[in-house]
Amino acid sequence: MEIGPYFLLATLEGAVTAAVLALTAVGLSLVFGVMRVVNIAHGEFFMLGAVIAWWVAQAVGGHPALGFAAALVIAPLIVGGLAAAADMTILKRLDYDPERTIVATIGLLYVIQQVTLMTYGPEARPVEAPFGTRLAIPWIEHAEGGWRLYWPWGLSTTSYKLAVMAAAAAVLLGVWALMARTRIGLVMRATQMDRGMALAFGIPVERVYALVFGLGAGLAALAAVLIVPIRQAHYLMGADPLLLSFIVVIIGGLGSLPGTVVAAVLIGLSDGIISVFFSPTLAKIIATLLVALVLVFRPQGLFGTRAA
Amino acid sequence: MTRIDDRPATTTRRGALRTLAGAAAGAASLPLWARYTHAQSAEPIRIGFQVHRTGIGAAYGRWYDRTTQAAARLINEAGGINGRPVEIVAEDDGTDPKRGAEVVEKFATQHGCDIAFGTLFSHVVIGSAPRAGELKLPYFVVSEGHHVASGMLNRYTIQPGITDVKSQVQAMAPFVTETLGKKVTLVFPDYAYGHDHRDFFSAAVEAQGGEVLAKLAIPPAETSFTKYFPKIPRETEVLYHVMVGPGVLTFVKELGEFFGGRGPELFGFIDSLEAVAIDSPGLEFLEGSHFWEGMPRYAQPDQSEYDAFYRQQVGVDDTGASVSDPTDISTYGHMFGCWETLYVVKAAMEASGYAGPENRPAMIEAVEAMTEMPHSRQHPQGPKIFNGKTHQVFGRQHISQVRDGRLVKVHTTSIEDTFYPDEVDYTTRPF
């Protein structure tokens, strides 16, 4: 393939990755920012979202759009509810102690993964996309007699992939509005800034924590529902999003929403472009190297503020 | 919170001795009913089954398990092996080579298995076989990899139930170059099994006067594939694809999206679609494309009575799905290997009068002495010829075409098409 169309294809593929990654990472970042809890089980909430989406789509039947729309609502709610319950029954009992919550969420990771394996099974199952017209993209080339349009092999995307990008952008705007423009967002930010002071002002911090943990997991689940018509639901699918989310959150700045989004776009696009032109392994190497560099030269992340 | 008794839990020497003495007395006084009346001879033959229950091979593992259990049940119903029942001791290896070697060790030292059996993924075989050789544990693999016949492994590792990649691709290359095209691009998983395809298919195509334009290696745990496809050269006439792992459905779907109906001819190994329904949404573009199948997934018009019997016993319907759940698609192109291997084990143990681990070398010699395996209930995939020197079996290969969303067999090779010169003589190696 020629360099121009090749680059465009790589960018389009990268943009889909970036969109999903941004949603997942914002969930992780929110939990870390407000609760100061490192949630190792985040990738499993992502996986659970995809698996529940399959289950809902199966149960609803009929036109694929019906099942998908139902999954879009039900999966994040169930996963968010589960996460909030996990917060109240496990993390709260540990007083959100950093080391112990890491161990507890590792445990949660295995519990969710193995229960999924035992019930849903080991295979990758598809959810049908509500729509998915293949859109071939033309390119111009210089032939005898001037420039002309042509359709290179493989240079295409689907309407569904474009919709994923739009949906992710809309949800991210919604999260921003929730945090910046609503009372509940104000309460969350207050809790983030100073837990003790928030408590003194009568904010029910524990309920805020449960809400934030549920919201973070719900965002991961939503991202998974969006991606599952492109990639299948599988019980091991949580590992990659977890790793990439950590990379994104560290590069963007722990707890910074704009930083997380910018880093997600950066990592998603570079992953797409580097893996198309060189190799997917190199893309992972570069992303990890970037994390190391950020940690050495700008430990608070690109957009982060120095931790108090 | 309640405080649990906070006395330190001490073990005194006297206490420990008392427990030990009690246990010894208990063991010595075990009633006679706990022993086998015919001493050792009625003890079960224990077959360690290394199964991919988790990891990227899990979908295969589930069906390898069902096939193995069905064959073991039939063997036991027919009186077992040498009058002894067969017991399958299954252990998950996580589709992981390191864990695979540990599992082999557990079979030999903890479970007291007579043999180990059943591994599919070639990196697990290559990781486990050396340990089996050290432990002198006969290790029957069902893997398709060329690593057994290449001489890379050892005298204790045998593949008598499934053919290897080298013979498969060599037998099919003429069909590909003659009917589909001569300019071929290969897409394969980047580990031992995929490398067998890369090396032997390239050589076979070139021997046919064809040309391999590009070879695309994809990590077996990959989940998105479009980014690899731009490397497929435009002049490609045939795209040869083989993929494994949980992403196989995504792989073929993205392949279809990428070409949008204008691409090259597709020739795939059924591995790209094992455990996946051919009529899954997004796979319509596969119509007309060709697949290798070890054993045809859909019951064909010329179905043998052995295939019908095997399907019924394992619980697979005429479309290759589970009889209890039509969405549960089997790994039909591979799993017959477990069934056939168990019958080879039975035949070898009976021929050598196997009584216990001390007879392991004699049992391996009995397998090495085997040659023809006729098409039968024991060998439902078809007739086979075993090569005792290379520890590898040879058999017919099938090529199917997707027509109306079904796989229809269009070509069957002969056994002779799959032969190649021996690369090793394991029988000269000491036990």
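Predicted model: local features only at pLDDT ≥ 70, side-chain atom pairs only at ≥ 80, totals over all residues.

Mentor: The contact between them draws on 18 residues from domain 1 of chain B and 19 residues from domain 2 of chain B. On the side of domain 1 of chain B that touches domain 2 of chain B, the elements that supply two or more residues are α2 (58–77) and α4 (122–134) of chain B, and α4(B) gives the most, with three residues. Sorted by class, that side of domain 1 of chain B holds nine nonpolar, seven polar and two charged residues.

Staying with chain B, we can turn to a sheet. Three strands form an open sheet in the order β11-β12-β13 (chain B), and their pairing is antiparallel. The edge places belong to β11 (372–373) and β13 (392–395) of chain B, each of which has a single partner strand, so one side of each is left without a neighbour in the sheet. Looking at the pairings one at a time, β11(B) and β12(B) are joined by two bridges and run antiparallel, with B:M373 standing opposite B:K384 in β12(B). On the other pairing, β12 (residues 384–387) of chain B and β13(B) are antiparallel over four bridges, and here B:K384 stands opposite B:G395 in β13(B). The two faces of β12(B) can also be told apart: B:K384 and B:F386 make up the covered face, while B:I385 and B:N387 make up the uncovered one. Between β12(B) and β13(B) lies a hairpin with four residues between the strands, where B:H391 takes a positive phi near 65 degrees. To place that angle in context, most residues other than glycine have a negative phi.

A:R36, which is not a glycine, has a positive phi near 60 degrees, and A:R36 sits in the loop between α1 and α2 (42–60) of chain A. A:R36 counts as partly exposed, because 15 C-beta neighbours lie inside 10 Å. The other case is A:Y96, again not a glycine, with a positive phi of about 55 degrees; A:Y96 is placed in the loop between α3 (64–91) and α4 (98–119) of chain A. With 17 other C-beta atoms within 10 Å, A:Y96 is likewise partly exposed.

A residue is called buried when 20 or more other C-beta atoms lie within 10 Å of its own, and A:V31 has 29 C-beta neighbours inside 10 Å, so A:V31 counts as buried. Leaving aside residues up to four places away in sequence, A:V31 touches A:V37, A:N39, A:V212, A:F213 and A:G216.

Helix α1 of chain A also leads us to where the two chains meet. There, 27 residues of chain A are in contact with 25 residues of chain B. On the side of chain A that touches chain B, at least two residues each come from α1 (3–35), β1 (134–136), β4 (156–158) and α10 (257–277) of chain A, and α1(A) gives the most to that side, with four residues. By class, the residues on that side of chain A divide into 14 nonpolar, seven polar and six charged.

From α5(A) the contact takes A:L178, A:M179, A:A180 and A:R181, and from α6(A) it takes A:I184, A:G185, A:M188 and A:R189. Sorted by class, this contact of α5(A) with α6(A) has five nonpolar, one polar and two charged residues.

Terms used: Residues numbered from 1 in each chain as written. Chains lettered and ligands numbered in written order. Contact = placed C-beta atoms within 7 Å. Nonpolar A, V, L, I, M, F, W, Y, C, P; charged D, E, K, R; others polar. Pairing = 2+ DSSP bridges. Buried ≥ 20, exposed ≤ 12 C-beta atoms within 10 Å, placed from the backbone.
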